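Have a look at the picture first, then read on.

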Amino acid sequence: MTRSFLLAAGVLLPASLLSLVVALAWGSVAIPLGELPRVLTGEASALHATLITELRLPRALAAFAAGGLLGVAGALMQVLLRNPLADPYVLGLSGGASVGALLAMLAGLSMFSVSAAAFAGAMLSTLIVFGLAHGTGSWTATRLLLTGVVVAAGWGALISFLLAVSPTEELPGMLYWLMGDVSHARHPGPAWGVLVFVVLAALPLGRTLNVLARGPMQAASLGVSVRPVEWSIYIAASLITATAVTQVGAVGFVGLIVPHMLRLVFGNDQRVILPASALAGGILLTLADTLARTIIAPEQLPVGVITAMLGVPVFLFLLYRSR
Amino acid sequence: MLYRSTLLPALLAAGALLLSPAANADDNGSISVTDDTDREVRLDTPAERIVSLAPHITEVLFAIGAGDRVIGATDHSDYPEEASNIPRIGGYTSLDLERILAKEPDLVVAWDSGNSRSHVERLRELGLTVYTSEPRGFDGVASSMERMAKLAGTGDQGRAEAERFLDEIEALRQKYADREPVPLFYQVWDQPLMTVNDDHLIAEAIAVCGGENVFGHLDRLVPRMDREAVIEADPEVIIGGGMGEDDPTWVEDWRQWDNMLAVRRDNLFFLPPSLLQRHTPRIAEGTAMMCEELQNARDRRPDSP
């Protein structure tokens, strides 16, 4: 464990820093690399300082935090459901969040209220799935998964309905939100707080999660109280995902792909995978957002488009090599 | 005497200098107008570096003689032709905030229902002066022109253009508004099929021409329609835009329903969408074309002399 932990830290920590530097240095307005340190010392031109500190920095930090949260949430869901296809959204979370966000947009509310409504929608979805899967008491991961997938389908229908009845001028904003868009993110502070807390809290629980990943029977026989742990994971993953969604909208793919990539490289030890997912998710979304705002600038893309374009080839390459 | 004879003309000249800008400025010498979101927009001197956040705003800025001051515009700012050479700052739904800021504009003209409000709010917080435009109807188009011209220091030309625009509309209204009503269906989009209700800008053009929108009573500004409902309403005229400025395929598509009145009378008319669907003074031209087509339809009535 120690070796892969150090390896992961040795690779991902510098890469995280590098991704943030790239996000600050690279934009649709060309700023010489030398301006970056001068912003710190206050010698940069006022315009460059504004571009970097007011536009690029909050955006890069929001993308990193949201990506990290989605990575961790995906890793937790895959442990919980013991299903390689699980991602933070598989249980209908993004659907609930999207319905909340679209309703707020339809009502003409501010972006802050849209985020709040998205969070409320995600939590509502969590409660519905929790209540229904709990049912008469008998409970399995399959039952939870099936409940979640069907609830997600219900949200999907509601989303289509809302898109169909919304005024034409609201549609572009709605579609961008559904595809994930970091351009509205302003205050990454809370998301970072949640991210740091989750990673620190998950480290001592890593051993329990490792046992649980092998199956509930083994876990129970090794003295893990399976039910409470599973529900805690579910609630935690939901809160984490909801926080990410309030920052960047329904960015797909990060939570599915990042934990799998890391498992292929570092092995399936949750004590490594959870913190590594936080960093790798952050790196992926930060780089993806940098590309989204520059690749066809001044045209701006929703970040969700780029996460998949970057993630798919990397993942397929790792999977191919691991045979 | 010498003293006096030089002082008086000097005073007069100074007075004239003070008076001429006073037409566009308030007591402090700064310019102030109220935008369409009821915000006061104040400039110390007329705007010289303007960024336009929508194609129709670019068009209006050119119409009021401020085109050479537009240093950044969104995609599809394609009229007049010079507008195509203005550096781009993103699409109106996905603004490139970085580039807008880097242009260091002294005035940004935003489109309330098109731009993202959080992006516009951000620009304001970053210290830019933003005028938000959301013209309602023909009067709104005219008053937008006047207010934007005031900010750009082309007040006289703005007022003249606004007046000319309203005069053209008024002339059409005098000529056509009270003629025999023509029931019509206006097609904004094809898949899905969309029309407009009586609150839309296009409805005002229809009223000026003496038309009668068969779906004007619907609640939504841009209702999505079922083809059956149009066939059942059986309008005398079908008018539509298209994907381009010269693409009548949408209206021609109605020919397959050959027992519709509009098809039998050959009253399927294409109008270039940029002339009717943008809030610019060119809508007077589009309205004139619509009035002529509706008159053609009246002339094709069997009982017409």
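Before we read the fold, one term: a helix here is a DSSP run of H or I with at least four residues, and a strand is an E run of at least two, with numbering that starts at the N terminus. Keep in mind that you're looking at a predicted model.

Going along the sequence, its pattern reads α-α-α-α-α-α-α-α-α-α-α-α-α. The tally for chain A is 13 helices and 0 strands.

How does the radius of gyration of chain A fit with a compact globule? A compact globule of 323 residues would come out near 20 Å, and chain A has 20 Å, so the two agree.

What about the inside? Of the 323 residues in chain A, 49% are buried. Then there are the contacts: taking those in chain A between residues at least 6 apart in sequence, 76% join residues at least 24 apart.

| Peptide bond | Omega | Where the proline lies |
|---|---|---|
| A:Ala297 to A:Pro298, cis | near 5 degrees | loop between helix H12 (270–294) and helix H13 (303–321) of chain A |
| B:Tyr79 to B:Pro80, cis | near -10 degrees | loop between strand S4 (70–73) and strand S5 (90–91) of chain B |

Stay with the loop between S4 and S5 of chain B for a moment, as B:His76 also sits there. B:His76 isn't a glycine, yet its phi is positive, at about 70 degrees. B:His76 has 16 C-beta neighbours inside 10 Å, so it counts as partly exposed.

You'll find B:Asp234 in the loop between helix H8 (227–233) and strand S11 (237–240) of chain B. B:Asp234 has a positive phi too, about 45 degrees, although it is not a glycine. With 15 C-beta neighbours inside 10 Å, B:Asp234 is therefore partly exposed.

Methods. Residues numbered from 1 in each chain as written. Chains lettered and ligands numbered in written order. Predicted model: local features only at pLDDT ≥ 70, side-chain atom pairs only at ≥ 80, totals over all residues. Rg over C-alpha atoms; globule rule 2.2 N^0.38 Å. Buried ≥ 20, exposed ≤ 12 C-beta atoms within 10 Å, placed from the backbone. Contact = placed C-beta atoms within 7 Å.
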